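Student: Could you walk me through how some of the helices pack in this one? I'd like to take it piece by piece.

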Amino acid sequence: MSEREQSQPARAGSSRKRAGVPTYSWARTPPARLVRSGIQYGALVPLLKFISPFTVIGKRNLSKLNGPAVFVANHQSHFDAPISLAALGGRVRRRLVVAAAADYFYSSAVKGAAASLTLGTVPFVRSGGSSRDSLQFLKELVGKGWSVLIFPSGTRGTGPSGFKKGFAYLAVDAQVPVVPMYLNGLDQVMPKGSFIPLPGGVVVGIGEPIPPGDDYNALVAKAEAGVAEVRAVVKGWEGA
Amino acid sequence: MPRNPFANPLFLPVFLRVMLLIVVGLAAVLLSQRRSLEVWRRSTLFLRVRTWFVIGPLFVLAAFIGGFVAFLLATFVVVQACSEFARIAGIERRYAYLLILWGELGLLVAALARDFFGFLPFGFFIALTLLPILSGRITDAHRQVADTLVGYVFVALPMAYIVLVKSAEPWGLNFLVIVTVSVALSDIAAYAAGSALRGRKLMPRVDPTKTWGGVLGNLIGAAVGVGWLWVAVPPEWSPAAVVVLVLVIAAASVWADLTGSFIQRAFRTEVRSTVILGYGGVLNRVDSLLMAFPLAYFALLLVHKLVE
């Protein structure tokens with residue numbers, strides 16, 4: 001458990017399990033982060049570069065961040081999270097959690113532990129009252145300096161629209177910027193319903209950070225526009 | 001087993017020549033562009049030159065080190081190129097997986113069990129036809145089988161040939177280096193000459209961009225490539241064999257251009273990949289080599305037989 005997490009003993013019990021979903025706080029302790037770094041640098045990133053060599057556009061936008069942020073991206077494939085992590089680079093990745101569907105990635109303890117350890121995921125309940133608990137938990141993590149990667153459409157096979165508001169609550173309430181990202185090509189590498197990747201090149205576009213403001217709906221609209229803008233840049237670059 | 005490349009007296013001369021070629025190419029591009037560095041740095045041409053600075057030394061090192069290093073590079077090419085072909089042709093994923101798997105198997109057989117090399121195409125045909133038979137999914141299966149077979153002959157089998165020739169022939173490494181560099185130069189010279197000379201279209205219905213000026217570029221590029229790496233030409237190759245090699249490399253490069261074009265048109269897709277910066281896909285980069293390599297090898301054998 002990190003120093004800041006240890007400094008909040010009153011919440012420790014509740015952070016271990018929220019609404020029946022464990023939070024896997026051990027996966028954010030220094031030893032687990034060290035193991036995760038080793039796995040990501042030593043195996044995950046090289047493997048991804050072999051299977052899906054990726055090109056990152058707009059990485060210089062990350063230098064405009066000086067604290068935690070909420071990264072939002074279109075969702076096409078189970079490869080989205082690993083490729084995003086690899087594209088964001090070590091500096092961002094070190095304190096980044098990925099909001100992962102609790103009903104899918106945390107359907108068993110082993111699956112959940114593996115995802116938490118290797119990718120730094122946290123369970124996110126997608127529907128019902130528990131999703132508020134998930135958001136609250138993410139807010140707490142942002143408050144402790146963690147960035148969050150979230151796929152706001154909630155399911156795979158979507159474009160840069162139809163975003164749900166959860167990420168906006170998170171960004172506005174915690175007053176952290178939203179960084180739009182667009183992932184291109186992963187729908188062909190591993191589309192929904194497929195479990196073995198078909199290798200191929202991928203482009204990851206990173207947009208300029210969007211200030212959170214104080215209007216949830218406006219932030220959702222800005223984020224959708226931001227992702228669409230990055231998409232246009234990626235498509236234009238690809239066609240060059 | 002991997003070898004120390006410096007132990008081979010050919011390594012340094014070839015490595016330096018390849019690097020010098022890239023530097024000269026960079027200088028030529030810079031001089032011809034006459035744009036500010038900032039504008040040029042963002043251009044596709046910059047990406048291409050940068051890519052050559054990676055591909056060139058990587059290829060020479062992998063070829064001379066051999067063993068699993070060369071195998072890894074060949075594996076990457078097979079996996080990516082077969083995948084790209086599968087996408088262009090609209091091949092179903094299970095057929096695409098078989099294509100990739102058999103491509104990998106071909107590399108292993110070529111390196112470790114050459115006696116079974118002749119069985120590879122027939123074995124692939126058996127495995128391919130077993131897919132619809134065992135799964136019972138026969139709708140559109142004839143098209144899937146046919147297109148996958150094209151992918152195998154176009155991509156996977158020539159890659160296995162490259163490994164086979166390199167490991168089986170005493171001059172296999174020399175041949176690989178000479179043909180690869182000459183094919184690359186032939187492609188670049190075709191682009192440059194085609195842009196500068198233009199001239200009549202070669203086959204406008206197949207490829208509206210290819211001109212006779214480009215064909216001349218192909219020939220000049222192939223000749224310069226073989227001449228530039230003359231240090232690697234084995235003494236047992238007769239002058240006639242070298243001339244035939246140049247002609248075959250040039251012809252195969254033209255053939256590869258036209259074939260790539262008609263395949264894209266036939267499948268009516270413009271699948272773009274981003275694996276190699278500035279060039280798009282791996283297949284786009286290696287298709288000429290894949291077509292030139294077996295053809296050049298057998299042409300060389302034929303000339304040797306005739307001269308004897």
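Tutor: Start with α5(B), whose buried residues pack against α4, α6 (120-135) and α7 of chain B, where two residues are in contact if their C-beta atoms, placed from the backbone, lie within 7 Å. Helices (H or I, at least four residues) and strands (E, at least two) are DSSP runs, numbered from the N terminus. This is a predicted model, in which local features need pLDDT of at least 70, side-chain atom pairs count only at pLDDT 80 or more, and totals for chains, interfaces and linings use all residues. Residues are numbered from 1 along each chain as its sequence is written, while chains are lettered from A and ligands numbered from 1 in the order in which they are written.

Student: Which residues of α5(B) are buried?

Tutor: They include B:Tyr95, B:Leu98, B:Trp102, B:Gly106 and B:Val109, buried being 20 or more other C-beta atoms within 10 Å of a residue's own, exposed 12 or fewer, and partly exposed in between, with C-beta atoms placed from the backbone.

Student: And how do α5(B) and α6(B) cross?

Tutor: Their axes, lines fitted to C-alpha atoms over the stretch in contact, with angles from 0 to 180 degrees between N-to-C directions, come within 11 Å and cross at roughly 160°. That makes α5(B) roughly antiparallel to α6(B), given that angles under 35 degrees count as roughly parallel, over 145 as roughly antiparallel, 65 to 115 as roughly perpendicular and the rest as oblique.

Student: Which residues make that contact?

Tutor: Among them are B:Arg94 and B:Trp102 of α5(B), with B:Phe124 and B:Leu128 of α6(B). By class, the contact has nine nonpolar, one polar and one charged residues, where Ala, Val, Leu, Ile, Met, Phe, Trp, Tyr, Cys and Pro count as nonpolar, Asp, Glu, Lys and Arg as charged, and the others, Gly among them, as polar.
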